[in-house]
Amino acid sequence: MKDIRQKAKELMRGSCRLCPICDGRACAGEVPGMGGLGSGTAFKNNVKALAEIALNMRLIHTASAPDTSCSCLGLNLDMPVVAAPIGGMFNFNDAVTEEQYVEAVVQGCKDAGVIGCTGDGVPPVITQSAFAAITAAKGHGIPFIKPWESDELDEKLERSFASGCKIVGMDIDAAGLITLRKMGHPVGPKSPKELAAIVEKIHKAGCKFILKGIMTVADAREAVAAGADCIVVSNHGGRVMEYAPGTARVLPAIAKAVKGQITIMADGGVRSGADVFKMLALGADLVGIGRPIVWAAIGGGAAGVSKYIAQLKGELVQTMVLTGCKDIAAINEDVIFA
């Protein structure tokens, strides 16, 4: 992983410094890119919120060989990890081509026993590469579509279905990206009625639906009411709203309100297997990872992604042993030091 990171650093020169601690300090305001919006406060809040959580160490138990596998959304995964939807290599110094990047994420995740999401945006090569990679992986990938206000939404949904995927996502947290509107591709928030219609269309196609960008209990309940299968507690990596709280701060209240009614995924600041563990303890069923997957894909291709996920699994297993958790179901709020 050290060699993979070094190669990624060389290829991404000018767009990411690959800091030893990725907390948004060095890249504040570098949007588009790897940084957080404005002062980078939301990005920093994500990392800080996770870092402040301490765990109860327990070593008198029998959980010496923890099981990290899980079943969610009709998927049997080796661990509850999902690669977050990211696209647009032109934002990262064109370190690799869009096709190479997406193929690395989708195939690398498949090889590692988890699943990767793909991004959406302008220019068309982003989605063209995404759908091609998912098709090549025999549908083992989750395409995310932005909340377009035009026929582009229906068109991309149909292309998603044609890829063979079984799950489709929408990153509604991209609703404020005014740059897309200026480019002639407007996005915006959705009313409960509009959202329900989107969910119905996706379900009729035989797919499940993930709604990414839920940061309040109210929106979580609206997602449940609209029929969504999964929500992602996410502030878009701190890249759309400067002063959003860290996702680990809002996750417990959201989980308390809708746990069991809908699958809950969370992302934001996750860098290690211990961070994955913390998100699960706070109420997530699945954990999304963004920036580290980008580095692994750019620095090592599909093999790099698989190696990073293997590293995560090792760290997750170690944390489970040190907290007495024999399987994923055993990870709950009791492991958190209060």
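Figure 1. Glutamate 152 belongs to helix α5, which spans residues 152–162. Helices (H or I, at least four residues) and strands (E, at least two) are DSSP runs, numbered from the N terminus. The side chain of glutamate 152 forms a polar contact of 2.7 Å with that of lysine 156. A polar contact is a pair of N or O atoms within 3.5 Å; within protein, one must be able to donate a hydrogen and the other to accept it, and residues adjacent in sequence count only if both atoms are side-chain atoms. Residues are numbered from 1 along each chain as its sequence is written, and side-chain values use heavy atoms, with hydrogens and water left out. As the model is predicted, local features need pLDDT of at least 70 and side-chain atom pairs count only at pLDDT 80 or more, whereas totals for chains, interfaces and linings use all residues.

**Figure 2. Threonine 127 in helix α4.** Threonine 127 is found in helix α4 (residues 125–136). The residue is buried, as its relative accessible area is 2%. Apart from neighbours within four places in sequence, threonine 127 is in contact (heavy atoms within 4.5 Å) with Gly119, Asp120, Gly121, Lys156 and Arg159. Among these partners is Lys156, whose side chain also makes the polar contact with glutamate 152.

Figure 3. Strand β4 (residues 115–118) runs parallel to β5 and is joined to it by two bridges; two strands pair if DSSP finds at least two bridges between them. Threonine 118 stands opposite proline 143 of β5. The chain passes from β4 through α4 to β5 in a right-handed β-α-β crossover. A crossover is right-handed if, with the strands pointing away from the viewer, the path from the first strand over the helix to the second runs clockwise. Strands β5 and β6 also run parallel, with two bridges between them, and the bridge partner of isoleucine 145 in β6 is methionine 170. The β-α-β crossover from β5 through α5 to β6 is right-handed.

**Figure 4. Strand β7 and its partners.** Four of the five residues of strand β7 (residues 208–212) are buried. Strand β6 (residues 167–171) pairs with β7 in the parallel sense over five bridges, and methionine 170 stands opposite leucine 211 in β7. Strand β8 (residues 230–233) runs parallel to β7 and is joined to it by three bridges. Here isoleucine 210 stands opposite cysteine 230. The chain crosses from β7 to β8 through helix α8 (residues 217–226), and this β-α-β crossover is right-handed.

Figure 5. Histidine 236 lies in the loop between β8 and α9 (247–258). An unreviewed UniProt entry annotates His236 as "active site"; UniProt positions are given in the numbering used here, feature names are shortened, and annotations may be inferred rather than shown by experiment. With a relative accessible area of 12%, histidine 236 is buried. Leaving aside neighbours within four places in sequence, its contacts are Asp171, Asp173, Ala174 and Lys212. The side chains of histidine 236 and aspartate 173 are joined by a polar contact of 3.1 Å.

**Figure 6. The largest nonpolar core and helix α11.** A nonpolar core is a set of buried Ala, Val, Leu, Ile, Met, Phe, Trp, Tyr and Cys residues joined through side-chain atoms within 4.5 Å. Of the 96 residues in the largest such core, Met12, Tyr101, Phe209, Ile231, Met279 and Ile298 touch the most other members. Helix α11 (residues 291–323) gives the most to this core, contributing twelve residues. Proline 292 lies in α11 and is buried, with a relative accessible area of 3%. Beyond four places in sequence, proline 292 is in contact with Val270, Arg271 and Tyr308.

Conventions: Buried < 20%, exposed > 50% of the residue type's maximum accessible area, 1.4 Å probe, protein only.
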